[in-house]
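Morning, everyone. I will take a few minutes on one structure, starting with a strand and then moving to the cavities. Please have the display open.

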Amino acid sequence: MGNKFLEGNFAPVSREHTITELAVTGRIPGFLDGRYLRNGPNPLSEVDPAAYHWFMGDGMVHGVRLRDGKAEWYRNRWVRNPAVAAVLGGEDASRFCGLDALGANTNVIGHAGKTLALVEAGAPIYELTDELDTVGRCDFDGTLPGGYTAHPKRDPRTGELHAVSYFFGMGNKVQYSVIDAGGRVRRTVDVEVTGSPMMHDFSLTEEHVVFYDLPVTFDAGTAVAANVPGALRTPAKLVLSAMVGKVRVPDPVTAMMAGKIGANGGLPYRWNPKYPARIGVMPRDGGNGDVRWFEVEPCYVFHPLNAYDDGDGIVLDVVRHPKMFDRELHGPDEGGPTLDRWTVDLAAGKVIEERLDDRGQEFPRVDERLVGRRHRYGYAMSADGGANPGGSLFKHDFHTGSRQERAFGAGRQPGEFVFVPSHADAAEDDGVLMGFVFDPASQRSDLTLLDAGTLETVAAIHLPDRVPNGFHGNWVETA
């Protein structure tokens, strides 16, 4: 059985590189002093195409160090959780299973002087060195045991990380947390939701936290099939279904259900048409009792672009998928994702939904200095279907309603691009956009730098190998 999430540029690479001689076309701006890092799934061992889900692959971080107008190095490293470390050490890794075997494969950030490889759903995150070697698990100096999220948001005023984390063992709760600029948790709030959703991301404004409680939920049948003998699956599914989404799942049951959810396998979350689609709004300093819930049309949102307060309302710019993991169970591909605006009318108690752009797109980004504040520009990768890269990068101007498109040509496929300002007080599109672009003709990728104002190429750093289609990255400036 074929699996397109193991083919083309979704296929994993088999080598780790350390390259200090990199060819460059164009000129790398002198204001860039830091590392561009990007995370994604890259199965280390042979996988079963019939079972493999793109979200479950072993994590691999790719990085390019830029300084003084030069590209000093390119490195790619597997995140060495116990299972990956055993395989690379020539050991049998079959004894590692459950959440500890899942790769930190989704995002990579810098915070409090540390480089962190992130994942969600209860699995551990990992600290890396500046040169991408694995240090070990991170729990923020013991202040946040358990899992975290792939999508924290940094408040540009305080430098704190805000996050919403989920895990099926928490039952009908998700956890909002705030990690201070020094890397320690100063606040957590458990928030009740409808059931056990896959809450991949959230939104933050200057005054509010926004939760996306949408109909992709933990699937007891998938988890039971991986753990329970055939004759007992029906009663076990009934018992687990009764627990999940109502109460915290007892630790022994959680351990059993997680015990066979390993890397490079299936994802135990599915589209659930019986689950209500809604968003919750909580004041930043509020608690569970302060959350107000608003219905939206059934859909799924992996990634909001940004959000901000606007009088008696909240504006949410999101990439909306009509469904997710209903028929396609190997990765996102349930219809074209569109750029939509949801305006939460707090006074009227409703959400106004409108379409901003019906062209397929994903991995939206905004100037990080404006997280939670009104933005003018946003950027997104063109996407065919759910997450298949198109050939273009979109720049949206929300003041004029216009869109610029940069096509890369000749079958080239861009990934997510991030914005880096030319200096601390630069205008919103005064700087560069950077991201990996894959060239199928050469089977290699470039780190491509674009002028954010014109979308013209400033420089291309040519890598010795390809960077497989992956998820998220960030520019980590040198402290």
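Is strand 25, residues 377-384, mostly covered or mostly uncovered, and how many of its residues are buried? Mostly covered: seven of its eight residues are buried. Keep in mind that this is a predicted model.

Now the neighbours of strand 25. On one side of the account is strand 24, residues 361-365, which pairs with strand 25 in the antiparallel sense over three bridges. In that pairing, glutamate 362 stands opposite methionine 381 of strand 25.

Then there is strand 26, residues 388-397, which is joined to strand 25 by seven bridges and also runs antiparallel to strand 25. As an example to find on screen, alanine 380 has phenylalanine 394 in strand 26 as its bridge partner. Strands 25 and 26 make a hairpin, with three residues between them. In the turn sits glycine 385, whose phi is positive, about 75°.

Next, the cavities. How many are there of 30 Å³ or more? The count is two.

Of its 18 lining residues, Arg38, Pro414, Gly415, Asn469 and Gly470 are closest to the centre. Strand 28 (413-414) and strand 30 (431-439) each contribute at least two residues to this lining.

Definitions and conventions
Residues are numbered from 1 along each chain as its sequence is written. This is a predicted model: local features need pLDDT of at least 70, side-chain atom pairs count only at pLDDT 80 or more; totals for chains, interfaces and linings use all residues. Side-chain values use heavy atoms; hydrogens and water are left out. On a 1 Å grid over the protein atoms alone, a cavity is a set of points where a 1.4 Å probe fits but cannot get out, and a pocket is an open set with protein on both sides within 12 Å along at least five of seven lines; lining residues have an atom within 4 Å of a point. Grid points are joined across faces, edges and corners, and a volume is the space filled by probe spheres set on the points. Helices (H or I, at least four residues) and strands (E, at least two) are DSSP runs, numbered from the N terminus. Buried means under 20% relative accessible area, exposed over 50%, partly exposed in between (1.4 Å probe, protein chains only). Two strands pair if DSSP finds at least two bridges between them.
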